[in-house]
Amino acid sequence: MAASVALEELKRFGGERAGLLSPLAEAVRVCEACRLCATRKQTVFGTGNPDSRLMIIGEAPGADEDQQGRPFVGRAGALLTDIIEKGMKLRREDVYICNVLKCRPPDNRNPEPDEITQCRPYLERQIEIINPSVLLAVGRFPAQWLCNSQEPIGQLRGKRFEYKGRHVVCTYHPAYLLRNYTLDTRKKVHADVMLALELLGSEPVVRP
Ligand code: URA
């Protein structure tokens, strides 16, 4: 079984939250709760600063992420990095990034409801440990997960929601944005991330 990229990174960060996340990353590394364990190369637990007040949640690893063990490292990831760094003026390494599913669905198909259910406790615990002020859901699956809703992403974006006392903002998935790179979709994503920044407030994104 592949070593966990996340575990190595957590060792480098150190601190209480990293310490609490490590056994969870190890549990994910060896997880066989659903069929995706048979086809993954490795799990993708999440990366970034565990003391961040901003957590970005995507859908599931794709081929590049499955290969590298890190979320959002492919083309969509490059666009997400631009959104964080050029749009929000934050450093990507200061944000914690993970997904609803920790394993790649074959051929990048959509997550199945039972896979989301089996993986649910991992994300719940990640959120509990990191305790971000703002959760930014990118795409339909994390948006519906966090908002406990079946509405399409077009209805969930642009509004404020709450998940266990934390702010939630939803926006389009960067892969959707790449396929629909229009002024309209870019404006909407910009407005959504500005809302997330407003909700973060003036305190530093990484807690001291
Ligand atoms: N898309 C996602 O939703 N997550 C990733 O990690 C990569 C692509």
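Student: What should I know about the model before we start?

Tutor: It is predicted, so to speak of local features we need a pLDDT of at least 70, side-chain atom pairs count only at pLDDT 80 or more, and totals for chains, interfaces and linings use all residues. Residues are numbered from 1 along each chain as its sequence is written, and side-chain values use heavy atoms, with hydrogens and water left out.

Student: How many helices and strands are in the chain?

Tutor: The chain has 9 helices and 6 strands. Helices (H or I, at least four residues) and strands (E, at least two) are DSSP runs, numbered from the N terminus.

Student: What share of the contacts in the chain with a separation of 6 or more comes from residues 24 or more positions apart?

Tutor: That share is 72%. Contact here means heavy atoms within 4.5 Å.

Student: Why is Arg157 called buried?

Tutor: Buried means under 20% relative accessible area, exposed over 50%, and partly exposed in between (1.4 Å probe, protein chains only). Arg157 has 15%, so it is buried. In the chain as a whole, buried residues make up 53% of the 208.

Student: Where is Arg157, and what does it touch?

Tutor: Arg157 sits in the loop between H7 and S5. Not counting residues up to four places away in sequence, it touches Cys170, Thr171, Tyr172, Lys188, Ala191 and Asp192.

Student: What makes the pairing of the Arg157 and Asp192 side chains a polar contact?

Tutor: A polar contact is a pair of N or O atoms within 3.5 Å; within protein, one must be able to donate a hydrogen and the other to accept it, and residues adjacent in sequence count only if both atoms are side-chain atoms. The two side chains make their contact at 2.9 Å. A polar atom of the Arg157 side chain also lies 3.5 Å from the backbone oxygen of Lys188.

Student: Is Ser149 buried or exposed?

Tutor: Ser149 has 14% relative accessibility, so it counts as buried. It lies in the loop between H6 and H7, and its side chain reaches the backbone nitrogen of Glu151 at 2.9 Å. Beyond four places in sequence, Ser149 touches Gln144 and Leu156.

Student: What makes H6 a mostly covered helix?

Tutor: In H6 (residues 140-147), 7 of the 8 residues are buried, among them Phe141, Trp145 and Leu146. The cover includes strand S2 (54-58), helix H5 (113-130) and strand S4 (134-138). Just after H6, Asn148 takes a positive phi of about 50°.

Student: Why are H5 and H6 called roughly perpendicular?

Tutor: Axes are lines fitted to C-alpha atoms, for helices over the stretch in contact, and angles run from 0 to 180 degrees between N-to-C directions. Angles under 35 degrees count as roughly parallel, over 145 as roughly antiparallel, 65 to 115 as roughly perpendicular and the rest as oblique. The axes of H5 and H6 come within 12 Å and cross at roughly 70°, so the two helices are roughly perpendicular. Ile116, Arg120, Leu123, Glu124 and Ile127 of H5 meet Phe141, Trp145 and Leu146 of H6.

Student: How do you know that H2 is roughly antiparallel to H5?

Tutor: H2 and H5 pack at about 170°, with their axes 10 Å apart. That angle makes H2 roughly antiparallel to H5.

Student: What about H1 and H2?

Tutor: The axes of H1 (residues 5-13) and H2 (residues 16-29) come within 9 Å and cross at roughly 170°, so these helices are roughly antiparallel too. Leu7, Leu10 and Phe13 in H1 meet Ala18, Leu21, Ser22, Ala25 and Glu26 in H2.

Student: Why is Leu20 called partly exposed?

Tutor: Its relative accessible area is 38%, so Leu20 falls in the partly exposed range. Leu20 is found in H2 and, leaving aside neighbours within four places, is in contact with Arg125 and Ile129.
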